[in-house]
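Biologist: I have a structure open and would like to go through it one chain at a time. Can you start with a term I will need?

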Amino acid sequence: MTTTEFAVVGGGPAGLSAAIEAARAGVQVLLIDENERPGGQLFKQIHKFFGSKAQRAGVRGIDIGTQLLGEVEANGVQVWLNSVVWGLFSERTVGVIHERKNYSVEAAKVLLATGAMENPLAFPGWTLPGVMGGGAIQTLVNVHRVLPGKRVLMVGSGNVGLIVSYQLLQAGAEVVGVVEALPKVGGYGVHASKLRRQGVPIWTRRTIKAAEGNGKVERAITVALDEHWKEVPGTEQVLNVDVICLALGLTPLAELAWMAGCKFDYIPALGGHVPVHDADMQTTVPGIYVAGDVSGIEEASTAMEEGRLAGIAVAQSLGKLGAEEARKKKEEIYAGLEELRSGPFGEARRNAKETVHARAER
Amino acid sequence: MERVKHMRVKNHPILGVQPETKPVLIKFDGELVEALEGEPIAAALLAAGKTVFRYTRKRKEPRGVYCAIGRCTDCMMIVDGVPNVRTCVTPVRAGMKVETQHGLGELKGAEHDHD
Amino acid sequence: MTLEQTGVLSREELAKLPGMPSEERMRRGPVVVIECGQEIPCNPCEALCRQGAISVGDPITNLPVLDEDKCTGCGLCIAGCPGQAIFVVDMTYSEQEATVAMPYEFLPLPEKGQVVEGLDREGRAICSGRVVKVVNPKAFDRTPVVTVAVPQDCAMSVRNIAWQKQR
């Protein structure tokens, strides 16, 4: 039997940040990640982040990832890579497969920082090789340095769709256009402007109707939508592409929270079913915390802040951080999170998180 | 701006020049494919212009890469005789034998029914 | 048609931006043009300016405000904007020409002297231009800044360049 004070499931920005805060306070931390290298989505984000200096604004995601990994190592966090957490039980026993052996890790506290999955969209031909998610393209292009094709249609104009389109251009592919079902651009104007000045069209009120090709994508058929989201007959457009990228939002990967008996709530603004958690990231099961996209779809910057919050809350609950010191650290993070959740893009998320926190208090 | 001539991104404005890695030869359905040491099988195949990795059991439809992070099972192939290997998260090794998988694959020594 | 509808700032939206210099200031020498028109939490530009010419303040969703008299047009802010929304325009470059300095994160980087097409915010070629400077110091963290000379009447439209590469 293996024991630890703090088991962190998932080594992305939230998990890494939590591990660092807890380890700094003297907590024994075991960080578990299924990949051969932690960092989550950070190592695909080759662009400079927004936010404030405290949130590492202006630094590329890839470099933030390297910084966090360095801090994890410097703070003596034990890391299990290539290890899959397959189970979480309410008394905080974590089932892990590590180096081909099954372990039951008894943890005093557990953090689920397992991130999210991409939303699919089924349409005729969607299973053809060449249809793939935005994250898939980022992985292939920015991590493995291989282009999945030469001419891409991007479906979805949220920040992922816009950023991945730009990254495809940087890697030398052609983005024939971005289709967006809404009557407006989903992501930041600046991301859209970068594409438009490269000559990439953004077609709003338009969506993908079908993918065609002999054994792989060779054509995409798009169609216009009316105000009732119905296809407008006769508006089909055929595009010669070999890749159709689906960037249609994310959904929390929260199966472990379900298993452990955490209470959930369905909050569309946060991506769907989210584990209910209080302002210090604790779920309705004592000792089990969540942070990052698994607790509601937001951004890497909010993931890092929430991870820190969870790490501090855990350290405090284990008696490693005094109440006053913990309070000061938390106040600073609450303020940072409020900042990140402001403005037209952040408000809906702030309201949604407040709703979730309120549900946890009940 | 440069349009792609080949599928590997050898020089990138942010990532820089691709570091020299040992080329590794693997076999894909008997054909020799040059891969780079340490990269996932799926990346090597895509770089070589191969896009179909397996065919489904019932309708025999082609599948390739979809999620690229080992979650969706689209990219599964038979690797060195073992079926259902997620090629997007499995690194290449010199001499590796990669085959297009038809259906669900068979585990040697397992007893099971086929439809 | 607005930024939200098309991804491109309209002329009306541009005119209202607090990061937009006056025509009078533009006639005096190089000055920054901050095409940041949406309230998102972001403020690296404020700290990057050594003259204190850019203010974002609190909350950091505020649009950056330009103090055009403090701005020297040095361009240090161009590379640091995560949205690549900052440019420096010099209407006094010559009798006929103005220069536009822009962030350029693509390969190949143009060389000084390269003849290019000036593209507007919608990627349309609207004039001919010539690259006069390319800087890519380590401090810019892989965001090179390219300065292109264009006819004066295009300076407030050109925001990108294109040219035929040798194969």
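Modeller: A residue is called buried if 20 or more other C-beta atoms lie within 10 Å of its own. Keep in mind that this is a predicted model.

Biologist: OK, what percentage of the residues of chain C count as buried?

Modeller: In chain C, 47% of the 167 residues count as buried.

Biologist: And what is the radius of gyration of chain C?

Modeller: Chain C has a radius of gyration of 15 Å. A compact globule with 167 residues would have a value near 15 Å, so chain C agrees with that. Along the principal axes, the C-alpha atoms of chain C fill a box of roughly 50 × 35 × 35 Å.

Biologist: How many helices and strands does chain C have?

Modeller: There are five helices and nine strands in chain C. Along the sequence the pattern reads α-α-α-β-α-β-β-α-β-β-β-β-β-β.

Biologist: What share of the contacts in chain C comes from residues 24 or more positions apart?

Modeller: That share is 58%, counting contacts in chain C with a separation of 6 or more.

Biologist: Now the strands. In which sense do β6(C) and β7(C) pair?

Modeller: They pair in the antiparallel sense, over five bridges. Strand β6 of chain C covers residues 115-119, and strand β7 of chain C covers residues 125-135. In this pairing, Gly118(C) stands opposite Cys127(C) of β7(C).

Biologist: What is between those two strands?

Modeller: β6(C) and β7(C) form a hairpin with five residues between them. Gly123(C), in the turn, has a positive phi of about 80°.

Biologist: Which residue is the bridge partner of Val135(C)?

Modeller: That is Val145(C), in β8(C). Strand β8 of chain C, residues 145-151, pairs with β7(C) in the antiparallel sense over five bridges.

Biologist: Switching to the other chains. How many residues of chain A are in contact with chain C?

Modeller: On the chain A side there are 33 residues, in contact with 34 residues of chain C. The elements of chain A that give two or more residues to this side are α5 (189-196), β11 (202-204), α8 (323-340) and α9 (343-361). The largest share, seven residues, comes from α5(A).

Biologist: What classes are the residues on that side of chain A?

Modeller: The side of chain A that touches chain C has twelve nonpolar, 13 polar and eight charged residues.

Biologist: And how many residues of chain B are in contact with chain C?

Modeller: Five residues of chain B are in contact with six residues of chain C. By class, the chain B side has three nonpolar, one polar and one charged residues.

Note on methods:
Residues are numbered from 1 along each chain as its sequence is written. Chains are lettered from A and ligands numbered from 1 in the order in which they are written. This is a predicted model: local features need pLDDT of at least 70, side-chain atom pairs count only at pLDDT 80 or more; totals for chains, interfaces and linings use all residues. Two residues are in contact if their C-beta atoms, placed from the backbone, lie within 7 Å. Ala, Val, Leu, Ile, Met, Phe, Trp, Tyr, Cys and Pro count as nonpolar, Asp, Glu, Lys and Arg as charged, and the others, Gly among them, as polar. Helices (H or I, at least four residues) and strands (E, at least two) are DSSP runs, numbered from the N terminus. Two strands pair if DSSP finds at least two bridges between them. The radius of gyration is taken over C-alpha atoms; the globule rule is 2.2 Å times the number of residues to the power 0.38. A residue is buried if 20 or more other C-beta atoms lie within 10 Å of its own, exposed if 12 or fewer, and partly exposed in between; C-beta atoms are placed from the backbone.
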